[in-house]
Amino acid sequence: MPARVPSPKGMKGTSMTSPTAGTRPRVLSGMQPSADSLHLGNYLGALVNYVKLQDAHDAFYFVPDLHSITSPDGATNLAERTRTTVAQYIAGGVDVERSTLFIQSHVPQHAELAWVLQTITGFGEASRMTQFKDKAGRYGQDSTNVGLFTYPVLMAADILLYQADGVPVGEDQKQHVELTRTLAQRFNHRFGEVFTVPEPLIPAEGARIYDLQDPTSKMSKSSASPNGRINVLDDSKTIAKRIKSAVTDDGSVVAFDREAKPGVSNLLSILSVVTERPVDALVAEFEGKMYGHLKVATADAVVARLEPIRTRTLQLLDDPAELDRLLAVGAEKARVVAEETLAKVYDAVGFLRPLGRA
């Protein structure tokens, strides 16, 4: 029987099943190269967690460029954005010696497995995925491409291809992991045990970062105003200016209350995650002080945290050949695992293997 592996501290889910007894549990995750820079929400909500997980896990991190072209502007400067995203992973602490780092399109098995999984996915299941429903409702079905419709199935292929035990995601992606679990179980029942059924790994104390100008909305590359967003590659002056211009709330008491004080609560959350100090301790520290003091402290802390990452990212981008070499190494490691899984899938389905393909 496979070994039962305890969930990482601070993660939801009681246990995961490792595919091989005695090995570290495997995790897989990635962020789209859909902008010229990751933003603060990407960094604090995802990348910080990637770095922590690689210590005790067999970590696979990738840049999902195939997913990017499902949006109308997804192919804009895609190669440059992909390299920049990879550079930020590394500058943010992903260690290519301890983790497998690669580009999705460098491993063709992603698309191959996605086709197989599409054939066991119900039209109704795909239609109910929140991302497709939201965009189809906003732009109309005729303006929403089939790639977006099948996006969750490709995401399932991304995960199942590497037999991932856990998937670090935010609450908004949990539905996609649930579909992945359903497809893994359906395939295993229909064709035999091939896939590990993954668990979503959601931080118990999630770093959910909100827009600085609209603190009721999540920070996003598509924010109504660029002033509401902090990019990892922004210079120090821009970061400080945007935080000091952040929307706050009525009154003057620094307190954490997401409903009554969303602006102040957002600043406290950012400062808490960046400095690794509890929100309660920060509230006590700012007792009797004005919102301006909180903004200055938050700006200083964010600048101190992001400036080394920005500097390292730019250094990496100055040597694209070395970055591409690292990606080639990661892709080769990923392809070995991916091809092993795909071979099992093809055998289970009954595809005849071509000569020369293991």
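# Close-up views

**View A. At 0% relative accessibility, Tyr-162 counts as buried.** Buried means under 20% relative accessible area, exposed means over 50%, and partly exposed lies in between (1.4 Å probe, protein chains only). The model shown is predicted: local features need pLDDT of at least 70, side-chain atom pairs count only at pLDDT 80 or more, and totals for chains, interfaces and linings use all residues. Residues are numbered from 1 along each chain as its sequence is written, and side-chain values use heavy atoms, with hydrogens and water left out. Phe-102 is buried too, and its relative accessible area is 0%. Tyr-162 and Phe-102 share one aromatic cluster with Phe-60 and Phe-62.

**View B. Two aromatic pairs, one tilted and one edge-to-face.** Nine aromatic pairs turn up in a search of the whole structure. Phe-102 and Tyr-162 have ring centres 5.4 Å apart and planes at 50 degrees, so this pair is tilted. Phe-102 belongs to strand 5 (residues 99-103), while Tyr-162 sits in the loop between helix 8 (151-160) and strand 6 (166-168), so the pair ties together parts that are 60 residues apart in sequence. For Tyr-346 and Phe-351, the ring centres are 4.9 Å apart and the planes stand at 80 degrees, so the pair is edge-to-face. Tyr-346 is buried, at 18% relative accessible area. Phe-351 is partly exposed, at 40%. Rings of Phe, Tyr and Trp (its six-membered ring) pair if their centres lie within 6.5 Å; planes under 30 degrees apart are stacked, over 60 edge-to-face, and the rest tilted.

**View C. Helix 8, buried along its residues.** Ten of the ten residues of helix 8 are buried, so this helix is largely enclosed by the rest of the structure. The buried set runs Tyr-151, Pro-152, Val-153, Leu-154, Met-155, Ala-156, Ala-157, Asp-158, Ile-159 and Leu-160. For the protein as a whole, 49% of the 358 residues count as buried. Its secondary structure comes to 14 helices and seven strands. Helices (H or I, at least four residues) and strands (E, at least two) are DSSP runs, numbered from the N terminus.

**View D. Helix 3 against helix 13, a right-handed crossing.** Helix 3 (residues 78-91) packs on helix 13 (residues 291-317) at an angle of about 130 degrees, with the axes 8 Å apart. Axes are lines fitted to C-alpha atoms, for helices over the stretch in contact, and angles run from 0 to 180 degrees between N-to-C directions. The two helices are therefore oblique to each other. Angles under 35 degrees count as roughly parallel, over 145 as roughly antiparallel, 65 to 115 as roughly perpendicular, and the rest as oblique. A crossing is left-handed if the near helix is turned anticlockwise from the far one by less than a right angle, and right-handed if clockwise. Arg-83, Thr-84, Ala-87, Gln-88, Ile-90 and Ala-91 of helix 3 meet Ile-309, Arg-312, Thr-313, Leu-316 and Leu-317 of helix 13. By class, this contact has six nonpolar, three polar and two charged residues. Ala, Val, Leu, Ile, Met, Phe, Trp, Tyr, Cys and Pro count as nonpolar, Asp, Glu, Lys and Arg as charged, and the others, Gly among them, as polar.

**View E. Helix 11 against helix 13, a left-handed crossing.** Helix 11 and helix 13 pack at an angle of about 35 degrees, with axes 9 Å apart. Helix 11 contributes Val-264, Leu-267, Leu-268, Ile-270, Leu-271, Val-273, Val-274 and Thr-275, and helix 13 contributes Tyr-291, Leu-294, Lys-295, Ala-297, Thr-298, Ala-301, Val-302 and Arg-305. The contact of helix 11 with helix 13 divides into twelve nonpolar, two polar and two charged residues.

**View F. Ala-35 and its contacts with Arg-81 and Lys-221.** Ala-35 lies in the loop between strand 3 (26-30) and helix 1 (40-53). Its C-alpha atom is 6.5 Å from that of Arg-81, 46 residues away along the chain. Neighbours within four places in sequence aside, Ala-35 is in contact with Arg-81 and Lys-221. Contact means heavy atoms within 4.5 Å. Across the protein, residues 24 or more positions apart account for 71% of the contacts with a separation of 6 or more.

**View G. Positive phi at Gln-163 and Glu-276.** Most residues other than glycine have a negative phi. Gln-163, not a glycine, has a positive phi of about 50 degrees. Gln-163 sits in the loop between helix 8 and strand 6 and is buried, with a relative accessible area of 9%. Glu-276, also not a glycine, has a positive phi of about 60 degrees. Glu-276 is in the loop between helix 11 (262-275) and helix 12 (279-285) and is exposed, with a relative accessible area of 61%.
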